[in-house]
Amino acid sequence: MAGRINDDDVKAVRDAVPIDAVVSEYLQLRNAGGGNLKGLCPFHDEKSPSFHVSPAKGLYHCFGCQEGGDTVDFIMKIDHLSFAETIERLASQAGITLRYEEGGYTPGRQQGERTRLVEAHKAAAQFYVEQLDGPEAEIARKFLAERGFDQAAAQHFGVGYSPAGWDHLTRFLRGRGFSDKELVLSGLSQEGRRGPIDRFRGRLMWPIRDIAGEVVGFGARKLRDDDNGPKYLNTPETPIYRKSHVLYGIDLAKKEIARTNRAVVVEGYTDVMACHLAGVTTALATCGTSFGEGHIKILRRLLMDNSGSEVVFTFDGDAAGQKAALRAFEDDQKFAAETSIAITPGGMDPCDLRLAKGDAAVADLVEARTPLFEFALRHVVSRHNLDTTVGRAAALDEAAPIVANIKNSAIQHESAVQLAGMLGILDTQFVVRRVSQLARWARERGREGGGPDQGRQQRRGQAPPPEQARTAPGPRGPALNLRSPAHRVERELLKLALQRPDLVSPAFDAYGTDEFTAPPYATVRQCIEDAGGAAAGAADSAYVPRVREAAPDDTVRAMVTELAVEPLHTRRDPDESYAGVQLVAVRLAAVNQRITEIRGTLQRLGPRADPEHLAAVQNELWVLQQYGQSLRERGYAAL
């Protein structure tokens, strides 16, 4: 049985790895105000960022899909890891040695499956790099040199060589403590007649890393004529490698993509190398598959889908390259970013272009890009005989919907004018009206898919507001009428108690759970009390985690996370005055509710009530009315 990780070590790992540093490995984060950050949620499709991160609290929450938690929760969710695997990964990043209870630490037994497979790939990558220096790898070094890559380039990209023997890597990894089952599961080995043998033999090796920089697979290029395998052989689908969800070079390109709001998609490993060495450090490539939905999601999170973002596809000018470009255009509308195409001259790929004409030619290729919709238009128009009326009409029927789908209305109009010129139609306004009509019909069809508000939000690329998202039916979170002023102010006070306990304590700790009229909010108030109260949290970094631990179930825990991350409803930095307004509002609402209850009691008692009991109830009513008046007149001073 696997040993349990020491609790103190778990806490040390949580404290050592900042949540913003971890999350920014997967998506671009921007300032959201109040010390928080925001980005496009990696757990559901959205076009307007509703994913918030609070570095001070170590928490994240998405107001669109309601996913939330701390650093450990994020890694477990996004990489499908167990708790132990996540702690092991974060501990490795932070340089923390973990202690295991219930017996000694046996790496092969106690580490999670994913962690073991990643470690096997890390060891394999280093093994291949070391083999590149050996005599047998002369053919691999020659291959690289002929394409303009020296030893420094090979080291930068981690390029290596797999020996031609049957089981060199398999024996090496066995010596590192990996089992045959792990080696086959990882895709590094495959079953032979007498046991596992190396999957990759006598090939040039490129390590394929995920967005976090971990090696999860390999791309292997054959070098010898007697190799009967395919030209390129990639890692098969494994628990850690899915070719539709990885992009070669993403680990090297992600920061520059986020900084420049541009990604350049090329077709091969050597093309990525050539682009990066030529200064185009936003280049990446798919791994043995066409560019698809999974790849789009990766780029959208890095590009933040703002209107200034751009994705540039580079393809050869031959028929296959044009077909690939048109296939990419089919996915164009899944980006909020503009998409462009750079056609390499003479059928050369970026690697050939760099070799023939130098680094500047590769950079110029990207700068001389053409909007992808323009390329698609020209391709469509070229299929028709524009010398005839019938041909021009058929071309217009096929091309007008392409222009109508362009997101930017100004570009859509200019493109309609451009289309008229391509077709030789003198009545430009006729083409413009045709495109506008098609665009309007598309919008109306979008509205039919949902209510008017929902349709408008989807077309604008907006997520539903937090209030609407939280009141939608579903298993996540309690259904609340957040339009109720009482509930809104209770929510704001709880947010202050979690985010700025120094501003509301010690007054907040005197509030009872019965002063929070929404039952889930009353439960959160109880969690704060169980965690030591707001006064104790004013100077304690572990305060919010303690409140989360005090939650009775996942629903309440998710609400604590949400309240700890959600921005406060003030444009200025919150101060004691703002906090006082919330404290008074909640207390006054509770007083008014109690007054209403007492009036109902008096009405039920009637004139025949016991005089002593009646006097006591009337006295309570008078005291509460006086207190309510004082709260309205004196505010925080009356608490």
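This is a predicted model: local features need pLDDT of at least 70, side-chain atom pairs count only at pLDDT 80 or more; totals for chains, interfaces and linings use all residues.
Figure 1. Helix α1 spans residues 7-16, and its buried residues are Asp9, Val10 and Val13. Viewed down the axis of α1, these buried residues fall within an arc of 105°, so they line one face of the helix. Their packing partners are β1 (4-5) and α4 (83-94). Asp8 and Asp15, on the other side of α1, are exposed.

**Figure 2. The N-terminal end of α1.** Asn6 caps this end of the helix. A side-chain oxygen of Asn6 lies 2.8 Å from the backbone nitrogen of Asp8.

**Figure 3. The aromatic pair of Phe43 and Tyr60.** The structure holds 18 aromatic pairs. One of them joins Phe43 and Tyr60, with 6.2 Å from centre to centre and 45° between the planes, and is classed as tilted. This pair links distant parts of the chain, the two residues being 17 residues apart. Phe43 is in the loop between β3 (36-39) and β4 (51-54), while Tyr60 belongs to strand β5 (residues 59-62). Tyr60 is buried, with a relative accessible area of 1%.

**Figure 4. The aromatic cluster around Phe43 and the lysine over its ring.** Ring pairs link Phe43 and Tyr60 with Tyr26, Phe51 and Phe74 into a cluster. Lys77 lies over the face of Phe43, at 5.7 Å from the ring centre.

**Figure 5. An arginine over a tyrosine ring.** The charged end of Arg587 sits over the ring of Tyr511. The distance from this charged end to the ring centre is 4.1 Å.

**Figure 6. Cys62 and Cys41, without a disulfide.** A disulfide is a covalent bond between the sulfur atoms of two cysteines. The count of disulfides in the structure comes to zero. Cys62 is in no disulfide, and its nearest cysteine sulfur, that of Cys41, is 3.6 Å away. Cys62 is buried, with a relative accessible area of 0%.

**Figure 7. Cys275 and its nearest cysteine sulfur.** Cys275 is likewise in no disulfide. The nearest cysteine sulfur is that of Cys351, 9.4 Å away. Cys275 counts as buried, at 1% relative accessibility.

Methods:
Residues are numbered from 1 along each chain as its sequence is written. Side-chain values use heavy atoms; hydrogens and water are left out. Rings of Phe, Tyr and Trp (its six-membered ring) pair if their centres lie within 6.5 Å; planes under 30 degrees apart count as stacked, over 60 as edge-to-face and the rest as tilted. Helices (H or I, at least four residues) and strands (E, at least two) are DSSP runs, numbered from the N terminus. Buried means under 20% relative accessible area, exposed over 50%, partly exposed in between (1.4 Å probe, protein chains only). A charge sits over a ring if NZ of Lys or CZ of Arg is within 6 Å of the ring centre and within 35 degrees of the ring normal. A disulfide is a pair of cysteine sulfur atoms within 2.5 Å. The arc is that of the directions from the helix axis to the C-beta atoms. Contact means heavy atoms within 4.5 Å. A polar contact is a pair of N or O atoms within 3.5 Å; within protein, one must be able to donate a hydrogen and the other to accept it, and residues adjacent in sequence count only if both atoms are side-chain atoms.
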